[in-house]
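Here is a walk through one protein model, taken a stop at a time. Keep the sequence and the 3D view open as you read.

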Amino acid sequence: MIISVENKYLKISIEEKGAELRSVINKETGLEYMWSGDPAFWGKTSPILFPIVGTLMRDSYWYKNKLYILTRHGFARDSMFQTVDKTDDTVTFSLLSTPATREKYPFDFELRILYRLMANTLEVSYRVINRQKENLYFSVGAHPAFKIPLIDGTSYEDYYLQFEKIEDLKRWPISREGLIKSEPISLLNDTSVLKLTRHLFDEDALVFKHLKSEKISIKSTAHPHGLDFYFDGFPYLGIWAAKNADFVCIEPWCGIADSESHDQQLISKEGINKISENESWTRRWKITSY
């Protein structure tokens with residue numbers, strides 16, 4: 001089921017399965033900013049990554065001396081969420097742990113996703129609630145895919161990413177098994193611009209750790225339209241597109257794939273988050289379109 005929310009400036013649509021953002025239309029520009037989800041390239045548009053981000057070594061982890069199997073990016077993106085609240089400019093979705101989730105992930109949790117419209121800005125909040133009497137360990141990540149080219153008659157190479165601050169960018173390579181390699185590779189030096197090309201992601205996603213910037217903009221040399229993407233509080237970032245597909249993903253993560261040297265223990269995993277009994281944890285990202 002698709003749920004829509006709109007105000008004077010924006011109309012958004014979200015699918016209850018995965019609480020997945022499917023459409024962001026700016027009413028002033030008339031433009032659709034989200035990728036179409038063409039399954040010939042990549043059938044998703046904005047999957048939610050939970051309770052892990054990326055790939056686990058051997059698709060598994062150890063917790064309290066028990067081995068659990070959990071595939072890439074976790075199960076939230078393929079789970080049916082419930083719509084628990086809707087107003088004129090917000091909608092909230094909820095995913096609760098079940099016996100089926102506990103077979104893969106032995107924790108009692110609630111994951112709430114809040115979509116809020118504020119003029120021409122969309123804010124997306126992730127709230128994880130611990131429903132058990134022991135610590136909850138998890139990762140959360142976003143994976144929105146934005147339409148590139150944004151306007152007909154322009155090409156993919158007409159677009160670039162503008163970082164908020166000057167960066168010395170080092171990417172962390174991903175192995176064939178989906179794991180993070182031990183040494184980063186220099187990508188850009190002393191610049192705030194990353195040009196988009198069809199070959200930029202030939203070696204999988206660009207993975208960054210602890211950027212200076214908390215905002216990235218999608219811009220074009222051919223027209224004034226684009227968007228600003230804000231991701232304060234996310235220590236990791238992925239940028240990715242499928243081969244020859246008309247999109248770019250900007251992926252803020254609180255979590256990251258296992259390293260090639262990881263011991264598979266959940267509590268020592270890089271980027272893992274911990275909350276105590278009855279506590280909750282929240283992160284937000286925002287996009288402003290123009």
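Is Lys269 buried or exposed? Lys269 is buried, since its relative accessible area is 5%. Buried here means under 20% relative accessible area, exposed means over 50%, and partly exposed is in between (1.4 Å probe, protein chains only).

Before going on, a word on what you're looking at. This is a predicted model, where local features need pLDDT of at least 70, side-chain atom pairs count only at pLDDT 80 or more, and totals for chains, interfaces and linings use all residues. Residues are numbered from 1 along each chain as its sequence is written, and side-chain values use heavy atoms, leaving out hydrogens and water.

Back to Lys269, then. Its side chain meets that of Asp258 in a salt bridge, at 2.7 Å from N to O. (A salt bridge is a side-chain nitrogen of Lys or Arg within 4 Å of a carboxyl oxygen of Asp or Glu.) Both partners sit in the loop between E21 and E22, eleven residues apart. Strands such as these are DSSP runs of at least two residues (E), while helices (H or I) need at least four, and the numbering starts from the N terminus. Asp258 counts as buried too, because its relative accessibility is 2%.

Ala257 belongs to that loop as well, between strand E21 (247-254) and strand E22 (273-275). With a relative accessible area of 9%, Ala257 is buried. Its contacts (heavy atoms within 4.5 Å) include Lys269, Val53 and Ile180. Ala257 and Gly271 are 14 residues apart in sequence, and their C-alpha atoms are 8.7 Å apart in space.

How many salt bridges does a search of the whole structure find? It finds 14. One of them joins Arg284 and Glu123, at 4.0 Å from N to O. This one links distant parts of the chain: Arg284 is in strand E23 (residues 280-289) and Glu123 in strand E11 (residues 121-130), 161 residues apart. Arg284 is partly exposed at 45% relative accessible area, whereas Glu123 is buried at 13%. Elsewhere, Glu15, Glu20 and Arg22 are linked in a network of salt bridges. Within it, the closest N and O atoms of Glu20 and Arg22 are 3.5 Å apart.

Now for the rings. Rings of Phe, Tyr and Trp (its six-membered ring) pair if their centres lie within 6.5 Å, and planes under 30 degrees apart count as stacked, over 60 as edge-to-face and the rest as tilted. The count by this rule comes to 22 aromatic pairs. Take Tyr105 and Phe107: their centres are 4.7 Å apart and their planes at 50°, so this pair is tilted. Both Tyr105 and Phe107 are buried, and they belong to a cluster linked by ring pairs, whose members include Phe50, Tyr63 and Trp281. Phe146 and Phe229 make an edge-to-face pair because their planes are at 70°, with centres 5.9 Å apart.

Finally, have a look at the surface. Trp62, Leu67 and Ile69 form a nonpolar patch there, with about 270 Å² of accessible area together. Trp62 lies in strand E6 (residues 60-63), and its 31% relative accessibility is why Trp62 counts as partly exposed. Patches are made of residues with over 30% relative accessible area and no salt bridge, joining like charges within 9 Å and nonpolar side chains (Val, Leu, Ile, Met, Phe, Trp, Tyr) within 5 Å. The accessible areas come from the Shrake-Rupley method with a 1.4 Å probe, and for residues only the protein chains shown count as cover.

Conventions
Lists of a residue's contacts leave out its neighbours within four places in sequence.
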